[in-house]
Amino acid sequence: MAKACYAVSVHEPFAFYFSSYESYTMRTPSGIECKYFYGDYFRGRSVEECRLLKASGETWTPDLCKTCPVPGITRANACEFLRLHGTVTRPLNAAFRRRVQVTAFCEKTNLDVKEPHIGCGECHPLPPIFESH
Ligand code: SF4
């Protein structure tokens, strides 16, 4: 788990510097770290949201995190140019239950990314199994 790293300056005793504040990753209700999950529990608040689905105008519910592919994708591929787009679908193979479906886009090549776990192949060559014959 990413931890907030902070230091207190001797000269500015009340100034806290959270060096990794921007990249702090929270755990979803399923216990998985996801950079798109946001929870605010400060002073009795109980705000939880998925900022990936919120950006798509989708309604998030905590059960979606259990089967969501996004944490696995972001663990496997940390490319700075990868942009994910999430929608909620009801696929047949999940017996029509709500599932997060992800599409990916590379901002460097302006191409759709078929295998978001791997990437588009521009910065990091794809394994031969993904090469077209
Ligand atoms: S639904 Fe997926 S992307 Fe959204 S917070 Fe849960 S695990 Fe993260």
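Biologist: What percentage of the residues of the protein chain count as buried?
Modeller: This is a predicted model, and in it 15% of the 133 residues of the protein chain count as buried.

Biologist: What is the mean pLDDT of the chain?
Modeller: The mean pLDDT of the protein chain is 84, and 80% of its residues reach 70 or more. Over residues 1-22, however, the pLDDT is below 50, and that stretch has 18 contacts in the model beyond near neighbours in sequence.

Biologist: OK, and how many helices and strands are there?
Modeller: The protein chain has 3 helices and 9 strands, and read from the N terminus on, the order of the elements is β-β-β-β-β-β-α-α-α-β-β-β.

Biologist: Which helices supply residues to the shell around the ligand?
Modeller: Helix H1 (51-55), helix H2 (64-67) and helix H3 (70-76) each supply at least two residues of that shell.

Biologist: And which residues come nearest to the ligand?
Modeller: There are 15 residues around the ligand, and of these Cys34, Phe37, Cys50, Cys65 and Cys68 come nearest. By kind, the shell divides into 13 nonpolar residues, 2 polar ones and no charged ones.

Biologist: Switching topic, do S5 and S6 run parallel or antiparallel?
Modeller: Strand S5 (residues 37-40) and strand S6 (residues 47-50) run antiparallel and are joined by 4 bridges, with Asp40 standing opposite Val47 in S6.

Biologist: How many residues lie between them in the hairpin?
Modeller: The hairpin formed by S5 and S6 has 6 residues between the strands, and in the turn Arg43 has a positive phi of about 50°.

Terms used:
Residues numbered from 1 in each chain as written. Predicted model: local features only at pLDDT ≥ 70, side-chain atom pairs only at ≥ 80, totals over all residues. Near = placed C-beta within 6 Å. Nonpolar A, V, L, I, M, F, W, Y, C, P; charged D, E, K, R; others polar. Buried ≥ 20, exposed ≤ 12 C-beta atoms within 10 Å, placed from the backbone. pLDDT = per-residue confidence, 0-100. Contact = placed C-beta atoms within 7 Å. Pairing = 2+ DSSP bridges.
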